[in-house]
Amino acid sequence: MSRIGTLKPTGPHDFWSDLRGQVRTLSFKADLRIEAIRDPNAHPDAPSHRVSMRDLEGEPMEIGSAWSKTINRGSNSGDVFLSVTLDDPSFAHPLNFAVFKEGEIGVATWRRRQEQAA
């Protein structure tokens, strides 16, 4: 896995309520805000967070979504992480990555998806 960014919690609630930081790859760099969506009527498959950044004029713009997940194997079983998808018409493909809690920060990591064996 490649580390592509770090985010700090800024919300008054739990660690995952409001994260802000930078994510960057060779062709993409952005200051992101990942904010929890508080909607008790949301569908169970709906995203738990919205992801936004500022556009070229400095206006906030929603660029993606995140889903809260729980690790179910290994030594970190039971820990929460975010599965994030960013997309924009200017992207050739969506950018998918995960954010894991590492001490007092969130670490954004990316790895290429492996093809499923037939």
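Modeller: The largest pocket holds about 1,000 Å³ of space, a volume being the space filled by probe spheres set on grid points that are joined across faces, edges and corners. This is a predicted model, where local features need pLDDT of at least 70 and side-chain atom pairs count only at pLDDT 80 or more, while totals for chains, interfaces and linings use all residues. Residues are numbered from 1 along each chain as its sequence is written, and side-chain values use heavy atoms, with hydrogens and water left out.

Biologist: Why is this space called a pocket?

Modeller: On a 1 Å grid over the protein atoms alone, a cavity is a set of points where a 1.4 Å probe fits but cannot get out, whereas a pocket is an open set with protein on both sides within 12 Å along at least five of seven lines, so the name pocket marks an open set.

Biologist: What makes a residue part of the lining, and which lie nearest the centre of the largest pocket?

Modeller: A lining residue has an atom within 4 Å of a point; the largest pocket has 28 of them, and Asn96, Phe97, Thr109, Trp110 and Arg111 lie nearest its centre. Strands E6 (80–86), E7 (95–102) and E8 (105–110) each give two or more residues to this lining, strands being DSSP runs (E, at least two residues) numbered from the N terminus. E7 gives the largest share, 5 residues.

Biologist: How do you know that E3 and E4 pair?

Modeller: Two strands pair if DSSP finds at least two bridges between them, and E3 and E4 have 4 bridges in the antiparallel sense, so they meet the definition.
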